[in-house]
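These are my notebook entries on a structure that I examined on the screen. I looked up charged side-chain pairs and then the arrangement of strands and helices.

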There are 2 protein chains.
Amino acid sequence: MRAKTAFVFDLDGTLVDSVYQHVLAWQEALEQFGIRLSAWRIHRRVGMSGGLFVAALRREIGEPVSPEDAGRLQQLHAEGYLRRIGEVRALPGAKELLDALTRSGVPWAIATSAPRQSAAKGLEVLGVGEKATLITRQDVEHAKPDPDLFIAAAERLGIGVAHCVVVGDSVWDLLAARRAGALGVGLLSGGYGEDELIRAGSYRVYADPADLLEHLDEVGVRQAFDA
Amino acid sequence: MRAKTAFVFDLDGTLVDSVYQHVLAWQEALEQFGIRLSAWRIHRRVGMSGGLFVAALRREIGEPVSPEDAGRLQQLHAEGYLRRIGEVRALPGAKELLDALTRSGVPWAIATSAPRQSAAKGLEVLGVGEKATLITRQDVEHAKPDPDLFIAAAERLGIGVAHCVVVGDSVWDLLAARRAGALGVGLLSGGYGEDELIRAGSYRVYADPADLLEHLDEVGVRQAFDA
């Protein structure tokens, strides 16, 4: 019997076009704390766990952030993001890719470092609703680049994580995929450069979900086609 | 006599932290025309001439954009950007870098594909006011990646363009620098990946203006230090 494969997707920048809104929401939240951080530096941190983000901040601003401030920062960011959610759209081909996997009997899940409330809004934008298997920050002890989110997703799908294809737009996804023992595939749709994704261990890099859908054979999916 | 050197800077993403606002302003303008383009694809176009941007759009959306629509699009983008200008800040070290060059007797100019009104707002954010030598879209026939903007800046400074260091955050800056026969230096502060800038011909890549200021010796500047 052939080993079954499954897909685990990151959400922001991978299925929904929300990275630039996240960047500006973080920048606005930080500025309310008197911290000025350039947008590109925030961009390179989006998708990592909030705790690590705050640790990285310490290096950028030269002083520690208290747990209370860290919590408040994350809350301000979530509020700023939800205020911008009206601008957020699904990435090209995202829904079609998930539908094609479902039709072909390939299980899939979404695993995100985001808290459940922001993630739920992302699923609404995607239009996949409640049927999707969703793992968020609240379901694991450590978010990306720890492997916990992807391991939890594989368990929920009942597929060994070594047989999972993890699709993400950031180096944190690819590092977490590697640590989970899964195959990492990168998408440019979060705004990282191709080389950054390849150096982080991406087996292949595609432009966006539409491009991955066109090349599913390259990652080993035998598609079922509707008549 | 030693050949004199001069610096020509791009503005958005190089001296001011405005790329992410430009991306969302373009996205909003396009959507008003029923065109949905992913943020990362817009990001990779920011800094090129508006005419080329519209030509690239034709490929993305599969149909030509009329000159009237192109003009209206650019106007909507400019309005959307000016609405976001309150969020825009100078990049770390930008003002200090320009001051250090001035103190060291190194002429410098700013050359941008942006129209004069947006550029003037950027100079306000920078706090360099009217004293700066500024070349904008209106001063040349073709914007980046044509070399016209950088050649015009070198002429205005009275320095041969081959002796100019062109500093920019995008591949369009580096291509235009190469075509002008100037030395291109890349900054990561516009959100491109390092490898993209190196492949486009960047002699060196620095994080942001503060990082370039720390390494001015590497691009051949003998600094005068205040007592």
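**Entry 1: a pair within chain A.** I began with A:Lys144 and A:Asp173, whose side chains meet in a salt bridge with an N to O distance of 2.8 Å. The two residues are 29 positions apart and link distant parts of the chain. I found A:Lys144 in the loop between strand S3 (133-135) and helix H7 (148-157) of chain A, and A:Asp173 in helix H8 (residues 171-180) of chain A.

**Entry 2: confidence.** I recorded that this is a predicted model. Chain A has an average pLDDT of 92, and 97% of its residues score at least 70. For the complex, the predictor gives an ipTM of 0.93 and a pTM of 0.94.

**Entry 3: a pair between chains.** I counted salt bridges over all chains and noted a total of 30. One of them is formed by the side chains of B:Glu87 and A:Arg84, at 4.0 Å from N to O. B:Glu87 lies in the loop between helix H4 (67-84) and strand S3 (89-90) of chain B, while A:Arg84 lies in helix H4 (residues 67-84) of chain A, so this pair joins two chains. B:Glu87 is partly exposed at 30% relative accessibility, whereas A:Arg84 is buried at 10%.

Entry 4: I next looked up B:Glu31 and B:Arg36, which form a salt bridge with their closest N and O atoms 2.7 Å apart. Both are partly exposed: B:Glu31 has 30% relative accessibility and B:Arg36 has 33%.

Entry 5: In which order do the six strands of the open sheet lie? I read the order as S5-S4-S1-S6-S7-S8, with parallel pairing. Strand S5 (133-135) and strand S8 (205-206) are the edge strands, each pairing on one side only. Strand S4 (residues 108-111) runs parallel to S5(B), and three bridges join them. In this pairing, B:Ala111 stands opposite B:Ile135.

**Entry 6: helices on the sheet.** Helix H5 (residues 94-103) of chain B packs on the sheet and touches strand S1 (6-9) and S4 of that chain. The direction of H5 makes about 155 degrees with that of S1(B). Helix H7 (residues 148-157) of chain B also packs there, touching S1, S4, S5 and strand S6 (164-168). The direction of H7 makes about 155 degrees with that of S5(B).

How values were computed
Residues numbered from 1 in each chain as written. Chains lettered and ligands numbered in written order. Predicted model: local features only at pLDDT ≥ 70, side-chain atom pairs only at ≥ 80, totals over all residues. Heavy atoms only, no water. pLDDT = per-residue confidence, 0-100. Helix = DSSP H or I, 4+ residues; strand = E, 2+ residues; numbered from the N terminus. Buried < 20%, exposed > 50% of the residue type's maximum accessible area, 1.4 Å probe, protein only. Pairing = 2+ DSSP bridges. Contact = heavy atoms within 4.5 Å. Axes fitted to C-alpha atoms, helices over the stretch in contact; angles between N-to-C directions.
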